[in-house]
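The exercises below are meant to be worked through with the sequence and the 3D view side by side. Try each task before reading its solution.

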Amino acid sequence: MQIRGSRIWLRLLEIVFGGLFVYAGLQKNYHPYEFAEAVLAYQLIPEPLVGLTAAVLPWLELAGGLCLMAGLKRRSCLVVLGFLSAMFMAVLIITLARGLKIDCGCGLFFQQQVGPAAILEDGLILLWAAGLYWWEVRKELGGGG
Amino acid sequence: MLRNDPRERPLMLRRLVLRDLAWAGFILVVACVFGLLQHWPLVRISLEGNLRTHLEKLRTERRELKFQGVKTVSLFQAHDLLQQGQALFLDARPVEEYLELHIPQALNLTPEMLDKGEIQALAGVAHERQIVVYCGQVNCDAALKVAEKLQSLGYTQVAAFLAGFRAWDEAGYPVDTKK
């Protein structure tokens, strides 16, 4: 009974987590040129590759988030979404260190500037992904829950 | 049987992680295919090196549509207005950025402050006075939002300085701090 309960919690947390990325991906996918502008503002990627990044990243969030919500290849989805969060964390830290004052293009429900709050938010998402992955692995290896 | 054998666990874990990475790679490929199919024009413009120009064109079109009737001033015009000392400069950036550095004598007035009715910066300012509003850089809309709102409040000589504080600072024009 307890195991079933914890599995329900795990799925719920995965659905919410996937949903956040689907929402974020849709926002970017509906406004690709605005997202490209946000990517360009970071001044980290060569200009010819900004379009490719702006085209693929939203789809990566959408694909990872949708599959996670649907329960397809959940651990791989968590790897993808966790990797995205880790990359973005690195980008935020580099940008903060360079002193650039730009919109992070990351706020889920409101605009946010690159700064400690954005890094904290991304850190929590990264921890969430890591925790879910660890939970899934434990479950798969028969270590509980 | 295998699942409960602790000796097999490291090997199983390795296999499991490798399998997860392989599927993650597959998801990446799928995302690339869909992204390229849906947004090929954007990718092509970027690969051709025309992204910046294209974004500027789109930004101008969007602003012309959204902020019709808001006048703008260039960097040099803004500098002239400051030197003449007649215009009131309003900084539409967040308060922390304003406190760090701003155009001399500029007052802080963000779109959020206007929405909340916090307009102390405008106390005693005549409706006919020349006002120049700026924000951080060329792609921010805060200056236009504030300028539009001020026009709707009856200020007749409002202009947005679109190049923003970044261009001002890079041009080596004077700045002030409140820190």
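A residue is called buried if 20 or more other C-beta atoms lie within 10 Å of its own, exposed if 12 or fewer do, and partly exposed in between, with C-beta atoms placed from the backbone. Helices (H or I, at least four residues) and strands (E, at least two) are DSSP runs, numbered from the N terminus. The model is a predicted one, in which local features need pLDDT of at least 70 and side-chain atom pairs count only at pLDDT 80 or more, while totals for chains, interfaces and linings use all residues. Residues are numbered from 1 along each chain as its sequence is written, and chains are lettered from A and ligands numbered from 1 in the order in which they are written.

**Exercise 1.** Find which residues of helix 7 of chain B are buried, and what they pack against.

Step one is the list itself: Ala142(B), Ala143(B), Leu144(B), Lys145(B), Val146(B), Ala147(B), Glu148(B) and Leu150(B) are buried, which amounts to eight of the 11 residues of this helix. Step two is to look for their neighbours, taking two residues as in contact if their C-beta atoms, placed from the backbone, lie within 7 Å. The buried residues pack against helix 3, strand 2, helix 6 (111-116), strand 4, strand 5 and helix 8 (164-170) of chain B. Just after helix 7 of chain B, Gly154(B) has a positive phi of about 105°.

**Exercise 2.** Describe what each chain brings to the contact between chain A and chain B.

Chain B contributes 32 residues and chain A contributes 29 residues. On the side of chain B that touches chain A, helix 1 of chain B gives the most, with 16 residues.
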